Amino acid sequence: MTNDQMERRLSAALDKTAPDDVDGVLSRCTERKGTVVPMKKKNNRMKKWMQAVAACLAVLLLGGGGLLVQQAHAVTSVVSLDVNPSIELRVNSREKVVSCQALNQEAQAVLEDMDGGRDLKGVKADVAVNAIVGSLVRCGYLDSLSSAILISVEDKDQARAQRLQQELTNVAGGALGNSQAAVLSQTVQQDKELEKQAKANNISTGKAALIRQAMALNGSLTFEGLAQLSVEELRDLIEAGAPGMPIGMQAALEAAAQYAGLTTADITDADVDPELDETPAHYEVEFQVPGKGELEYKVEAYTGQVLTGQANVQPSTPVNPSGDIGMEAAKSAALKHAGLSTAVFTKAERDYDDGRLEYELEFHTDSAAYEVTVDAATGRVLDYEKENLRGGTGGTDIGAQAAKAAALKHAGLSEGQVQQLQVEWDNENGRAVYEVEFKSGGMEYDYVIDAATGAVLDHETERDD
């Protein structure tokens, strides 16, 4: 709205509030005996006064409106969440998210169900943190006892930073549910050089501040090298006095596999936990081998030497003799077999079946759901199932976010009031649905939402024992 339009509207409003009704007043007056003093209209002067008031109000409202818009978009706090994925929230003075950004590739996968973080714009910071931590748990980043998440708050106002830090730390702890992961938190002073280093290494300023703590303990450590470590590795490293540069979790996995006479392509369900604050500092590595079950190794954290574990493992059958085509190639092979160019994948896993490495894939379009098994060595489709969705979805799919919102609305809850929120697409008797599960107030909620319409098809509520 322009200044002129605003002024005209305010002038009209004032006319209604205090109308120029001199003639009306005179007509309602009765003459009394004595001298009659005629009343003269002074509407021009009154009108000019009202127009001046309207103009002043217009300026005030327009200016105030502009100020409110500026305040809504002005960033007062920067909140970062780090595990290995690094995610940054920019927050205004009302603690609402102005923007959400994935700082590395792992973070992009975490925010995938939130439209890359765009769904979090405008929500309260505590709700956004609850959603992100829940996604980190579902993606397997916070499922071990030694895992940790770092929450950092950067703000010129230290009192506000500390208040927000405490609030979000409590929210993250609640969102972890049964996970025993640790929540670390800190406030960070604004530092241009720190921001520059963080940006160059695709991490948050919060993680960069943690790296500086390690470098202060050992000047031979490099920022770039430490940036590759997870938050739990950095935490343990600082507690141990940062005696050296650890080899990292991926290198520890490769060292254990090599000691076993295997490659990382020959193993499944690998898990690596850093124990850098123990003596000796080491990585605990676990993985599955066909015909041998689960194997465990301890790898020295600074040299890569395998301390314990079985050497020269021989699988019961030759493992993947012709190589591995990779996940993307397996997806392409499945889509080609189905006669599709694109689809929404709901499952994409690599696993062994009778000693053969396979890719198990599930995906859907708006009219059908597919389950396909692809040979990892050759790309050949080993098994194929297609089920038409009853009536299709009308060419639409509301998406996981809308399904979640429908369930929460029906339950009369906000996202900040629930824990362990999970949303999964499924094909239920030929109908595309979203299964939404969450907990709140000692109760468990299970919803089935129509993927086409968002209608609640089924719901159950029971006490969480």
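Guide: What follows starts with the helix and then turns to the spaces and the core.

The model is predicted, so local features are taken at pLDDT of at least 70 and side-chain atom pairs at pLDDT 80 or more, while totals for chains, interfaces and linings use all residues. Residues are numbered from 1 along each chain as its sequence is written, and side-chain values use heavy atoms, without hydrogens or water.

Helix 5 covers residues 125-138; helices (H or I, at least four residues) and strands (E, at least two) are DSSP runs numbered from the N terminus. At 1.5 Å a residue its 14 residues should span 20 Å, and its end C-alpha atoms are 20 Å apart, which agrees; the expected span is 1.5 Å times one less than the number of residues. After the helix comes Gly140, with a positive phi near 85°.

Helix 5 is mostly covered, with 11 of its 14 residues buried. Buried means under 20% relative accessible area, exposed over 50%, and partly exposed in between, with a 1.4 Å probe and protein chains only. Among the buried residues are Ala125, Val129, Ala131, Gly134 and Leu136. The buried residues pack against strand 1, strand 2, strand 3 (97-102), helix 4 (105-110), strand 4 and helix 6 (158-175); contact means heavy atoms within 4.5 Å.

On a 1 Å grid over the protein atoms alone, a cavity is a set of points where a 1.4 Å probe fits but cannot get out; a pocket is an open set with protein on both sides within 12 Å along at least five of seven lines; lining residues have an atom within 4 Å of a point. Of the 16 lining residues, Ala131, Arg138, Lys404, Glu415 and Leu421 lie nearest the centre. Helix 5, helix 13 (399-411) and strand 14 (419-428) each give two or more residues to this lining. The lining divides into 7 nonpolar, 5 polar and 4 charged residues.

Strand 1, strand 2 and strand 4, against which the helix packs, each supply at least two residues to the lining of the second largest pocket, as does helix 7. This pocket holds about 350 Å³ of space. Its 18 lining residues include Glu88, Arg90, Glu195, Lys199 and Thr205, the closest to its centre. Helix 7 gives the most to this lining, with 3 residues.

Of its 42 residues, Leu226, Leu237, Val285, Phe287 and Tyr297 touch the most other members. Apart from this core lies another, of 31 residues, among them Val79, Leu168, Ala175 and Leu176.

Definitions and conventions
A nonpolar core is a set of buried Ala, Val, Leu, Ile, Met, Phe, Trp, Tyr and Cys residues joined through side-chain atoms within 4.5 Å. Ala, Val, Leu, Ile, Met, Phe, Trp, Tyr, Cys and Pro count as nonpolar, Asp, Glu, Lys and Arg as charged, and the others, Gly among them, as polar. Grid points are joined across faces, edges and corners, and a volume is the space filled by probe spheres set on the points.
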